[in-house]
Amino acid sequence: MYSIAGAAYIEEMGYAMSRLEVESNLCDDGNGNTIHEGCSSRQTNKPMEVVENEIAQITKLKSTPNHLLSRVGAGRPQLPVSPVKMLAGRESNYSGLGRFSSADCCHILSRYLPVNGPWLIDQMASRAYVSQFSADGSLFVAGFQGSHIRIYNVDKGWKVQKNILAKSLRWTITDTSLSPDQRYLVYASMSPIVHIVNVGSGETESLANVTEIHDGLDFSSNDDGGYSFGIFSVKFSTDGRELVAGTSGDSIYVYDVEANKLSLRILAHSSDVNTVCFADETSHLIYSGSDDSFCKVWDRRCLNNKGKPAGVLTGHLEGITYIDSRGDGRYFISNGKDQTIKLWDIRKMSSNATCNPGYRSYEWDYRWMDYPPQAKDLKHPFDQSVATYRGHSVLGTLIRCHFSPAFSTGQKYIYTGSHNACVYIYDLVSGAQVATLKHHKSPVRDCSWHPYQTTLVSSSWDGDVVKWGFPGSSQVPAPSTRMKIWRTRFFED
């Protein structure tokens, strides 16, 4: 257990809280080799781990065009089908649908990655920790260490709709979550209190309990033993009635927003619970990831008194910083301090955790040390993951990873921030690193892909929040932007 003084720097010990850090020479090739500014993006030299199971077929089905459209014109049908051929096939109604299907749309849109730019949205004098689009993409939330949370109206030229000054902040904004109806936002820090703000009110400036009320939701319970913990992760359920949180007290909490009371506490792991989320819209399943290196699945319908998980997934060699659900109650990805993203199928989970078998012969702390070279080629002997993705760096802070949107890409990609100030995009099935976005000068903790547009926003400890688009955009990047982009030929027409 950590004291509050210790918990105040659980994520980033060794960095000055009050000073904005600019690490312009911090660029890493993903294998621990420091490359000074000006380095080019490149693909890892290690062979790719191609996914050959059900999710590969699902992903292909979601982004493969109608077979009749691929036969337009002379020659043998090939993938990918050019947009010109597909448009010609649609006009001639080759598919018989009279329109593009969702898979047809994904086949076209997923070829145009948000790698053009970036364009500066905002620049603050403190580190950006959170980047989130709303479910419909009309709003964007950015949370900063200097107590500010800004909500931008995307449809109105990224105008600041709400400027929130956080209440009782401890260390930083660790997480935020918008309610599904986009009326309320909750924010967390290294405290048991989650604050809730009315985003739908008319006031632009929201100064806690001065211009507006920031209600406090107390996540502490009677069986906490008086221990004051911090909250690393908080998420609304799909219906907006509940919140789930992961804490430095090794526990998962579920809060009933309507009843305004804590409804469940699970002593879930043997170390900090850095990340939690609901598996799907039913909210029955919860995924959790911890510094104990395990991912766990919790079924609230059959939790017994001992609070045992429905299953455990083993494979990471170090702690887990973030989990993102595919939304189907079956697959999710996790970012780990072993410098990997892993893809999981919960049907492979075991009933008990398989202890790490003494593989570690080194001591290190990800908050201020490079990953040990001798650990780079280690693999867990009981790895249950479906695939592993390498190239980015997970150091210094709880770096986040995500699936690309279902509407425009068929969740064909996964993407992540990185300690080396880049954003990485990987092909889900092939494992190939298909794009690396470079602009920032400090770690990129979070990034978010618009649910319907080819737009990605990244936020960094350098205080910049920037927008990336697809090649061919009429906008011109700022002259000061220093960026290099690597893309495979697959995406070049």
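These questions and answers walk through a predicted model. Residues are numbered from 1 along each chain as its sequence is written, and side-chain values use heavy atoms, without hydrogens and water. In this predicted model, local features need pLDDT of at least 70 and side-chain atom pairs count only at pLDDT 80 or more, while totals for chains, interfaces and linings use all residues.

User: What is the volume of the largest pocket?
Analyst: A pocket is an open set of points on a 1 Å grid over the protein atoms alone, where a 1.4 Å probe fits, with protein on both sides within 12 Å along at least five of seven lines. Points are joined across faces, edges and corners, and a volume is the space filled by probe spheres set on them. For the largest pocket that gives about 1,400 Å³.

User: Which residues of the lining lie nearest the centre of the largest pocket?
Analyst: Lining residues have an atom within 4 Å of a point. The largest pocket has 42 of them. Strands S2 (128-133) and S19 (320-325) are among the elements that give two or more residues to this lining; strands (E, at least two residues) and helices (H or I, at least four) are DSSP runs, numbered from the N terminus. Nearest the centre lie Phe 133, Ser 134, Ala 135, Asp 324 and Ser 325.

User: Is Ser 325 buried or exposed?
Analyst: Ser 325 is found in strand S19. Buried means under 20% relative accessible area, exposed over 50%, and partly exposed in between (1.4 Å probe, protein chains only). Ser 325 has a relative accessible area of 15%, so the residue is buried.

User: What distance separates the C-alpha atoms of Ser 325 and His 402?
Analyst: Along the chain, these two residues are 77 residues apart. The separation of their C-alpha atoms is 8.1 Å.

User: In what order do the four strands of the open sheet stand?
Analyst: Two strands pair if DSSP finds at least two bridges between them. Five bridges join S15 to S16, five join S16 to S17, and three join S17 to S18. The pairing is antiparallel, in the order S15-S16-S17-S18.

User: Why is one side of S15 and of S18 left without a neighbour in the sheet?
Analyst: Strands of a sheet pair through backbone hydrogen bonds. S15 and S18 each have a single partner strand, so one side of each has no neighbour in the sheet. The reason is their place: both stand at the edges.

User: How many residues of strand S16 are buried?
Analyst: Look at both faces of S16. Leu 285, Tyr 287 and Gly 289 are buried on one side, and Ile 286, Ser 288 and Ser 290 on the other. S16 is therefore largely enclosed by the rest of the structure, and the count is six of the six.

User: Which residue in the turn between S16 and S17 has a positive phi?
Analyst: S16 and S17 form a hairpin with four residues between them. Most residues other than glycine have a negative phi. The positive value here is about 85 degrees, and it belongs to Ser 293.

User: What is the relative accessibility of Ala 421?
Analyst: Ala 421 lies in the loop between strands S24 (413-416) and S25 (422-427). Its phi is positive, near 75 degrees. Ala 421 counts as buried, with a relative accessibility of 3%.

User: What is the omega of the peptide bond from Gly 117 to Pro 118?
Analyst: Pro 118 has its place in strand S1 (residues 116-123). Most peptide bonds are trans. The bond from Gly 117 to Pro 118 is cis, with omega near 5 degrees.
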